[in-house]
Amino acid sequence: MDLRDPVVLGDPMRGYDRILAESPVCWARLPSGEEGWLITRNADVRAVLADPAVRNDPTGLPGHGARTQEQAFLDLGTAREHLPYMRASLLSLDGADHARLRHGIRDAFTTARVSERRPRVEQIVARLLDRLDASGEPVNLLDEFAYPLATAVVCELVGVPEADWTDWWRWGKVLVGEDPARITPTLGEMFAYCHALVDRRRAEPADDVLSRILAQDGTTDVDAVALVVFLVLAGHETMAHMLSNGALALMRDDEQRELLRAEPDLWPAAVRELVRTDGPVQLARLRYAAEDLVVGGVRIRAGDPIQVVLGAANRDPARFAHPHHLDVRWQHEHGLREGGVGFGWGPHYCLGVALAKLEAEVALRGLFDRFPGMHPVGEPAWVPLPRGRHRVSLDVRLH
């Protein structure tokens, strides 16, 4: 199996279906170009992501994937001067180091704390909807609604001043495009900006996540900068595509859209279901076996790379009766808090999941309440990106 095959890239869901049916744990050519294990069944994906013997950092491991974490980043084109920030990212850490940094900020992302932000999210959504209504048609839903909303919400939470929000949007678009000539200088801009912001917050703490980070004993400037970059990039790029994907799915399904209009209490469950069927993240971060494992009856050797396929696990017929069908009632009727693995699983489960769900509920409900006749203009533009990903640009008419 080759995840870089144009056939798979053109219709990844059909490719995942074939893997699930024929070889749910298989050796494959990964989007990075190296070889490793694909894990696609829902139960296996959950088990792997929760297993402490599966690590994000390959340093010191034997076997096929053996190399240092620094070398792994260098292989991806990371500049040497940026390695300290990459090593300090929550996504790069395992075990106690990961738990320490995550523990220090998790209170800011609890359901109770996030629910306090609902009025502010509603205010930002209303302002953006007014702006859309006053604009000429068609509008690009991703650029004119999803990105500005996602950027505003996470930047405000973390502590980035409003005057600087557009810089983060610009930086994020450069990084997701993965043009090597632009990535290194863009990262340099981001890290320099964050160091200046850290200095400001050390001198003048505020009611934001960055100030909370800096109040922890032992937090270095590099730790703080790495966390800000991780939170803002993850919180706006992924969120924007979640909103765009969800809006497109509902525009294409009159029955589900009308059901939500008739029963708005279904919106929280609908968001969870949209993350399952149309989530923006199909592949989890590459991981490595720290010891010999058996997954789905297949032996995986210590040091082997492991690629978990969230998109396949979310459409596993062994877990879902109608794996490809959007049903906004299903998770509500079955009392499920989380039907899929679109937000990950285990110790690296998405820190901002409560905020993402609240934001998607308010934004999508607001969109379709204001513009019930909203519809896409032609087919969305699918822009392929390296390592098996893509960016969707969606033009819509509101009325």
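**Sheet, helix pair and nonpolar cores in a predicted model**

Strand β5 (residues 287-289) and strand β8 (residues 305-308) are paired in the antiparallel sense over 2 bridges, where strands (E, at least two residues) and helices (H or I, at least four) are DSSP runs numbered from the N terminus, and two strands pair if DSSP finds at least two bridges between them. This is a predicted model, in which local features need pLDDT of at least 70 and side-chain atom pairs count only at pLDDT 80 or more, while totals for chains, interfaces and linings use all residues. Residues are numbered from 1 along each chain as its sequence is written, and side-chain values use heavy atoms, with hydrogens and water left out.

**The sheet**

- An open sheet of 5 strands runs in the order β1-β2-β8-β5-β3, with mixed pairing.
- Because β1 (25-29) and β3 (54-55) stand at the edges with a single partner strand each, one side of each is left without a neighbour in the sheet.
- Helix α3 (residues 42-50) packs on the sheet and touches β1, β2 (35-39), β3, β5 and β8, contact meaning heavy atoms within 4.5 Å; the direction of α3 makes about 130° with that of β8, angles running from 0 to 180 degrees between N-to-C directions of axes, which are lines fitted to C-alpha atoms, for helices over the stretch in contact.
- β1 and β2 pair in the antiparallel sense over 5 bridges, and R29 has E35 in β2 as its bridge partner.
- The hairpin of β1 and β2 has 5 residues between the strands, and G33 in this hairpin takes a positive phi near 105°.

**The α8 and α9 pair**

- Helix α8 (residues 118-134) packs with helix α9 (residues 141-158) at an angle of about 155°, their axes lying 10 Å apart.
- α8 and α9 are therefore roughly antiparallel to each other, a term used for angles over 145 degrees.
- Residues of α8 including V121, V125 and L132 meet a set in α9 that includes F145, L149 and E156.

**Nonpolar cores**

- The largest nonpolar core has 90 residues, of which F145, L149, W168, L367 and M374 touch the most other members; such a core is a set of buried Ala, Val, Leu, Ile, Met, Phe, Trp, Tyr and Cys residues joined through side-chain atoms within 4.5 Å, buried meaning under 20% relative accessible area (1.4 Å probe, protein chains only).
- Helix α13 (residues 221-251) gives the most to this core, contributing 18 residues.
- Leaving aside neighbours within four places in sequence, F145 is in contact with V125, L128, L129, L132, N140, A363 and L367.
- A second, separate core of 18 residues includes V25, L293, V295 and I306.

Conventions. Buried means under 20% relative accessible area, exposed over 50%, partly exposed in between (1.4 Å probe, protein chains only). Angles under 35 degrees count as roughly parallel, over 145 as roughly antiparallel, 65 to 115 as roughly perpendicular and the rest as oblique.
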